[in-house]
Amino acid sequence: RFYDPGARFVPFGMVVWWEEDQDALLIDNKMAVWARTPLAPPEKSARKRTGRFKLSEDGTLEGDVRLEFTGHLSYAHKLSNYENSSVQQEEALKSEVKELFAAGEVTDIHIENVNEPKKNFVYTFKIKIPGYAQRTGKRLLVRPGFFEHGTGARFTSNERRYDVYFKYPWSDEDDVVIELPLGFAPDNAENPAPITPAMTQGVSGLDIKIRLSEDKRILTYHRSFFFGGKGAIFFSKTTYPSIKEIFTRIRTADDHSLALRQP
């Protein structure tokens with residue numbers, strides 16, 4: 001097993017991402033042996049994101065958010081925050097939110113485990129976003145995939161001059177609950193087309209489930225995603241069209257919208 005005692009915030013049993021999947025020379029007083037450091041699978045570096053919201057008739061979304069990061073993602077957040085004051089940490093979070101939601105108002109911020117090597121990095125906060133849903137007459141057009149809203153396409157060019165390399169595999173588990181405005185209900189709550197591991201030779205997968213409560217007041221959204229399965233994080237530029245296609249399909253699913261109507 002490989003460890004990196006000098007990397008304070010790396011979870012126990014892992015090494016920093018640039019030391020993963022590398023040749024290591026093991027030496028004692030009798031012999032030397034080459035070994036390969038392991039590459040942590042997607043579930044070891046996860047974003048666990050939950051949101052509990054209320055949507056108003058004018059399209060304003062308001063509620064509570066919790067973001068928990070594990071593995072390399074937790075390490076990255078701790079490394080970028082631990083030397084900053086609490087005010088600087090909060091301002092950095094607000095800036096990140098502003099990049100996605102220009103009109104977003106973030107309050108009641110709590111940041112947990114910045115200096116805790118054994119615990120996951122966590123954000124909790126309240127957010128209010130005017131105009132999150134677009135109002136057109138008696139309809140509201142809303143994207144239930146809150147956490148991927150505004151992230152944009154990862155690959156836009158049709159051609160690639162260089163190979164594609166991702167730092168490490170990662171995964172997402174998103175749970176969103178939205179209380180709909182009184183009198184509004186979706187025309188339907190169809191799920192976006194999934195991306196199964198079989199479609200990507202085990203490299204990636206995306207599954208989104210959208211449900212509506214019996215009284216049609218509560219919308220629930222669950223998103224499960226991973227990338228880097230089977231240790232695939234390096235891709236030759238000749239395979240770029242396939243990688244671009246995967247992320248184009250992911251973007252289409254994440255952009256899925258629902259139309260809420262008044263009777």
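This is a predicted model: local features need pLDDT of at least 70, side-chain atom pairs count only at pLDDT 80 or more; totals for chains, interfaces and linings use all residues.
**Salt bridges.** I started with D23 and R36, whose closest N and O atoms sit 2.9 Å apart. D23 is in strand β1 and R36 in strand β2 (residues 32-36), so this pair ties together parts 13 residues apart in sequence. I checked cover too: D23 is exposed at 54% relative accessible area, while R36 is partly exposed at 44%.

Next I looked at R47 and E148, which form a salt bridge at 3.6 Å, N to O. This one links distant parts of the chain, with R47 in strand β3 (residues 46-55) and E148 in the loop between β8 and β9, 101 residues apart. E148 is buried at 9% relative accessible area; R47 comes out partly exposed at 22%. I then traced a salt-bridge network that links R47, R49, E148, D172, D174, R223 and D254.

I also noted R251 with D255, 3.3 Å between the closest N and O atoms. R251 is buried at 13%, and D255 is partly exposed at 31%.

**Sheet.** I followed an open, antiparallel sheet of four strands, ordered β7-β8-β15-β11. Its edges are β7 (134-136) and β11 (185-186), each pairing on one side only. Inside it, I found four bridges between β8 (residues 139-142) and β15 (residues 258-261), and L140 has L260 as its bridge partner in β15.

**Patch.** Last, I looked up a nonpolar surface patch of about 380 Å², made by L25, I27 and W34. L25 belongs to strand β1 (residues 23-27) and is partly exposed, at 42% relative accessible area.

How values were computed
Residues are numbered from 1 along each chain as its sequence is written. Side-chain values use heavy atoms; hydrogens and water are left out. Patches are made of residues with over 30% relative accessible area and no salt bridge: like charges are joined within 9 Å, nonpolar side chains (Val, Leu, Ile, Met, Phe, Trp, Tyr) within 5 Å. Accessible areas come from the Shrake-Rupley method with a 1.4 Å probe; for residues, only the protein chains shown count as cover. A salt bridge is a side-chain nitrogen of Lys or Arg within 4 Å of a carboxyl oxygen of Asp or Glu. Helices (H or I, at least four residues) and strands (E, at least two) are DSSP runs, numbered from the N terminus. Buried means under 20% relative accessible area, exposed over 50%, partly exposed in between (1.4 Å probe, protein chains only). Two strands pair if DSSP finds at least two bridges between them.
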